[in-house]
Amino acid sequence: MAQNIDPVNGSNNSTAMKDGDGPASATKHQSTSKRLQQELLTLMMSGDKGISAFPNGDEFFSWIGTIIGPKGTVYDGLIYKLSLTFPNGYPFTAPTVKFVTPCFHPNVDTYGNICLDILKDKWSALYDVRTILLSIQSLLGDPNNDSPLNGQAAQLWSDQVAYKKLLLEKFQDIKS
Amino acid sequence: MAVDEEPDTTAKNSAGGENTENKRNESRGEEERAFECNICLDTAKDAVISMCGHLFCWPCLHQWLETRPNRQSCPVCKAAISRDKVIPLYGRGGSKEDPREKLPPRPQGQRTEPENTGAFSNFGFDGGFQMSFGIGAFPFGLFASTFNFGDPVIRAHGTNPANLEDERFLSQLFLWVAILFIFWLLVA
């Protein structure tokens, strides 16, 4: 019986999937993963300093990126991990990028959400993982204090010495 | 000595050969990359080019324009971009099938006929004779018609032969209605 039922269930499932997503979605999925493969290749070939990214395990649509704080800023040498989740519509819609390592920054909230225009309304299909990570890296040293997600960080930014002290304290807390 | 040197030189040669080959591969890669779609990062298929000069696959660009119907801008330079303002690129190779049959249809190339040199050639009767009349009052404006003699009416719109046939029939119909109307005006 079970042997008879299983294939029926299986075929039902497949038709349900087709109805829900449509063949267009399947090709979209394919083109998204093809583009991500291209990006991974260029990212590994480019050898940019201070940024890296790699698919998170088997999930090709969710990556883990790493950013090293840019030199000459209070974030110099601090290493942050980020998660990048690519929707099926990527690169037509922006990926969801979050800090995994807690980041004390005027434009990052306590959940790791980032306020960055190119990830929202200024997104362009041309942007890729590399440009996103480079943008976030430069955002670290050059915050937009006019629309802060972290008010304390925005207020303290003008006092770079105190800012760095608090930043390093918070960063040490994470490590320990 | 000579025996010692020989392997050395061959090694150098082969290394040099490798280098140039690498360089050639690289430059070939660069060349190929110049014709990659800016969205899918692959060689552009059903290629179109924007007025700002950026190359895309038509399906990719179409999808990009679909996702933001209100703010249509070039993904590369953010210049204004629209379906009507991209030009399809036809290489020598490529598929022979009609790109219009594919979804989404690629915009048509825009062919304009070379301009006529004679400025007044339209006044010559060689091209045919055109005369139109209408009656200006609103309801009768509909009866306005066009006489076309010996002019195989080729207009910018209505390129379809079936349309043309219809158009001719309609114009004749209206012509007769107009003649009847004038006759009635004169008699009444």
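Setting aside neighbours within four places in sequence, A:N150 touches A:F104, A:H105, A:P106 and A:V108, where contact means heavy atoms within 4.5 Å. The residue A:N150 sits in the loop between α2 (129–141) and α3 (151–156) of chain A. Helices here are DSSP runs of H or I with at least four residues, and strands are runs of E with at least two, numbered from the N terminus. This is a predicted model, in which local features need pLDDT of at least 70 and side-chain atom pairs count only at pLDDT 80 or more, while totals for chains, interfaces and linings use all residues. Residues are numbered from 1 along each chain as its sequence is written, chains are lettered from A and ligands numbered from 1 in the order in which they are written, and side-chain values use heavy atoms, with hydrogens and water left out.

One contact of A:N150 deserves a visit of its own. A:H105 is found in the loop between β4 (96–99) and α2 of chain A. Beyond four places in sequence, A:H105 contacts A:Y75, A:L139, A:L140, A:P143, A:N150, A:A153 and A:Y163. Is A:H105 buried or exposed? With a relative accessible area of 0%, A:H105 is buried. Buried means under 20% relative accessible area, exposed means over 50%, and partly exposed lies in between (1.4 Å probe, protein chains only). Here are the two loop residues together.

| Residue | Relative accessible area |
|---|---|
| A:N150 | 16%, buried |
| A:H105 | 0%, buried |

Strand β1 (residues 51–56) and strand β2 (residues 59–68) of chain A run antiparallel and are joined by 6 bridges; two strands pair if DSSP finds at least two bridges between them. A:I51 stands opposite A:I67 of β2(A). The hairpin has 2 residues between its strands, and A:G57 in the turn has a positive phi of about 65°.

Now for the meeting of the two chains. In chain A, 14 residues are in contact with 14 residues of chain B. About 1,200 Å² is buried between chain A and chain B, with carbon and sulfur atoms giving 54% of that area. Buried area is the accessible area (1.4 Å probe) that two parts lose on being put together, summed over both. On the chain A side, A:Q38, A:F92 and A:L126 lose the most area to chain B, together 47% of what that side buries.

How many salt bridges are counted between chain A and chain B? The count is 1 salt bridge, a term for a side-chain nitrogen of Lys or Arg within 4 Å of a carboxyl oxygen of Asp or Glu. A:K34 forms a salt bridge with B:D42, and their closest N and O atoms are 2.7 Å apart.

Chain B itself has 4 helices and 5 strands, arranged along the sequence as α-β-β-α-β-β-α-β-α. Of its 188 residues, 20% count as buried. In chain B, 3 strands form an open, antiparallel sheet in the order β2-β1-β3. β2 (55–57) and β3 (87–88) of chain B stand at the edges with a single partner strand each, so one side of each is left without a neighbour in the sheet. Strand β1 (residues 47–49) of chain B is joined to β3(B) by 2 bridges, and the two run antiparallel. In β3(B), B:P88 is the bridge partner of B:V48.
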